[in-house]
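Subject: Structure for you to look at

Hello,

Here is the structure I said I would pass on. Please open it next to this email and find each residue as you read.

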Amino acid sequence: MQGKFITIDGNEGAGKTTQIAHIRDYLQAQGKTLYTTREPGGTAVGEKIRAIFLDPELQPTQLTELLLIFAARRQHLETEIFPRLARGEWVLSDRFNDATYAYQGAGRGIDSALIRQLEQYIQGEFQPDLSLILMIEPDKAAERLAKRNQAPDRLEQENRAFFQRIDAGYRQRAQTQSHVQLIDAGGSPEQVFARISPLLQELCRS
């Protein structure tokens, strides 16, 4: 039996890491064999690309940034995601193609038609079974980021207008993609997961 592919996305500071832990615990309690991963990254090659991608001392061009993402994604799909799904495992990825349309598309201003063309070349018509996008007010997200005891990476250093464009990009994805669900990320982690869990229940029954 083919496994299920779930992705979780959102702006910086939306609380993805916390919700990934809740999702992992829930699905494992349902008896699912779950593999958690991330983008860019998820493979030895992908992690090297991630280091370049997020390095605040580097400034790749917009198109270079996009191609780095797709290079890491192809390696990720071919060596981890596709084989695991074929074995019946469930895969949960911290970011996937919704982030590409939001960050590189809406955020950087790259034509979505070009992103779609590359997407089809790299992954065909393959899409997640469920994409969760955590939505949070930019001011609240900034507060959460400020509390992190770590230096901001290249993307976290972007300005407010950039993240507002990303927010709009995610909302656009939800309007055009039936597998994308926007999740209000305000409130406690438990309150946020209470909004996610019915979607997981439905997926487990399908």
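Below are some notes on aromatic rings, charges over rings and a surface patch.

Please keep in mind that this is a predicted model.

Aromatic pairs
There are eight aromatic pairs by the rule used here. In one of them, F96 and F126 have ring centres 6.5 Å apart and planes at 90 degrees, so the pair is edge-to-face; the cut-off for that label is over 60 degrees. F96 is in the loop between β3 (90-94) and α4 (97-107), and F126 is in the loop between α5 and β4 (130-135). F96 and F126 are buried.

Another edge-to-face pair is Y103 with Y170, at 6.5 Å between centres and 75 degrees between planes. Y103 belongs to helix α4 and Y170 to helix α7 (residues 160-176), so parts that are 67 residues apart in sequence are tied together. Y103 and Y170 are both buried.

F96 and F126 also belong to one aromatic cluster, together with F5 and F82.

Charges over rings
The ring of F96 has the charged end of R73 over it, 4.8 Å from the ring centre. Likewise, the charged end of R84 sits over the ring of Y35, at 3.6 Å from the centre.

Surface patch
On the surface, L63, L67 and L114 make up a nonpolar patch, and their accessible area together is about 240 Å². L114 is part of helix α5 (residues 112-123). Its relative accessible area is 31%, so L114 counts as partly exposed.

Regards

Key: Residues numbered from 1 in each chain as written. Predicted model: local features only at pLDDT ≥ 70, side-chain atom pairs only at ≥ 80, totals over all residues. Heavy atoms only, no water. Patch = residues over 30% accessible without salt bridge, like charges linked within 9 Å, V, L, I, M, F, W, Y side chains within 5 Å. Areas by Shrake-Rupley, 256 points an atom, 1.4 Å probe, with all protein chains shown as cover. Salt bridge = Lys/Arg side-chain N within 4 Å of Asp/Glu carboxyl O. Helix = DSSP H or I, 4+ residues; strand = E, 2+ residues; numbered from the N terminus. Buried < 20%, exposed > 50% of the residue type's maximum accessible area, 1.4 Å probe, protein only. Phe/Tyr/Trp six-rings, centres within 6.5 Å; stacked < 30°, edge-to-face > 60°. Lys NZ or Arg CZ within 6 Å of the ring centre and 35° of its normal.
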